[in-house]
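Subject: Structure handover

Hi,

Here is the structure I promised to pass on. Have a look at it first, and my notes follow below.

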Amino acid sequence: MKLTLIAALCAATLPFAAANAQEAPDGSRAFGIEPYIGIGGGWHDFDTGNKGLLQTQGSAKGGLVTGFAGVNVPLGMFVVGAEGNVAKGFNDIDWEYGVTGHLGLRIGESGMIFGRAGYQWVNTDIGDDRNEIYGFGVEVGPKDIGLGGVTGESGVRLRLAVDTFDEFQSIRPTAAVVFHF
């Protein structure tokens, strides 16, 4: 239901974004396909009151090293995209993997703020769980922090994001380096 609502919201903004298509703030095409990959790290901490499988087994938490790949479709000042991820965990978390869709708004010369929703599978030492994941984040490029000309128009960006698993049953802050092509 929630994913359907997010998909409907994305669909509703597409005509508006297409009608306002123009050159993006960073000088890239206003419409096209922008693939990217990234690597980062973070922490995933499940609440002891988690109503999923982990509730009966106790709380789980641990560090993550994550890799991801995705594609953005810029629509003027808006960005729509999809992403897949895999993470190797430490402490209580063995592996995580999932998919998300996102809707973003370009900011500055090479950045964006975004919201995302998707599905995540979590394998831990105390049990496995799968459920929806929601979050938001920001990406900033070198032009936004005073390092214009270091990379190309899209180039390398820093991403900071926070996600939650299964209706606020966990918190998952991450930081990553993203390479746009």
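What percentage of the 181 residues in the protein is buried? Buried residues come to 44%, where buried means under 20% relative accessible area, exposed means over 50% and partly exposed lies in between (1.4 Å probe, protein chains only).

Before the rest, some housekeeping. This is a predicted model, so local features need pLDDT of at least 70 and side-chain atom pairs count only at pLDDT 80 or more, while totals for chains, interfaces and linings use all residues. Residues are numbered from 1 along each chain as its sequence is written, and side-chain values use heavy atoms, with hydrogens and water left out.

On the fold: the protein has two helices and eight strands, in the order α-β-α-β-β-β-β-β-β-β along the sequence. Both are DSSP runs numbered from the N terminus (helices H or I, at least four residues; strands E, at least two). Of the contacts (heavy atoms within 4.5 Å) between residues at least 6 apart in sequence, 60% join residues at least 24 apart.

Now the inside. The largest nonpolar core is made of seven residues: F46, A60, L64, A87, I93, V122 and F165. A core here is a set of buried Ala, Val, Leu, Ile, Met, Phe, Trp, Tyr and Cys residues joined through side-chain atoms within 4.5 Å. Leaving aside residues up to four places away in sequence, I93 touches H44, F46, K61, G62, L64, N123 and T124.

Next, the rings. The whole structure holds four aromatic pairs (Phe, Tyr and Trp rings, using the six-membered ring of Trp, with centres within 6.5 Å; planes under 30 degrees apart are stacked, over 60 edge-to-face, the rest tilted). One of them is F46 with F165, edge-to-face at 5.5 Å centre to centre and 80° between the planes. F46 sits in strand β1 and F165 in strand β7 (residues 156–165), so this pair ties together parts 119 residues apart in sequence. Both F46 and F165 are buried. Y119 and W121 are also edge-to-face, because their ring centres are 4.9 Å apart and their planes are at 70°. Y119 is partly exposed at 27% relative accessible area, and W121 is partly exposed at 29%. Together with Y97, Y119 and W121 form one aromatic cluster.

The protein exposes about 8700 Å², with 67% supplied by carbon and sulfur atoms (Shrake-Rupley method, 1.4 Å probe; for residues, only the protein chains shown count as cover). I39, in strand β1, counts as exposed at 52% relative accessibility.

Cheers
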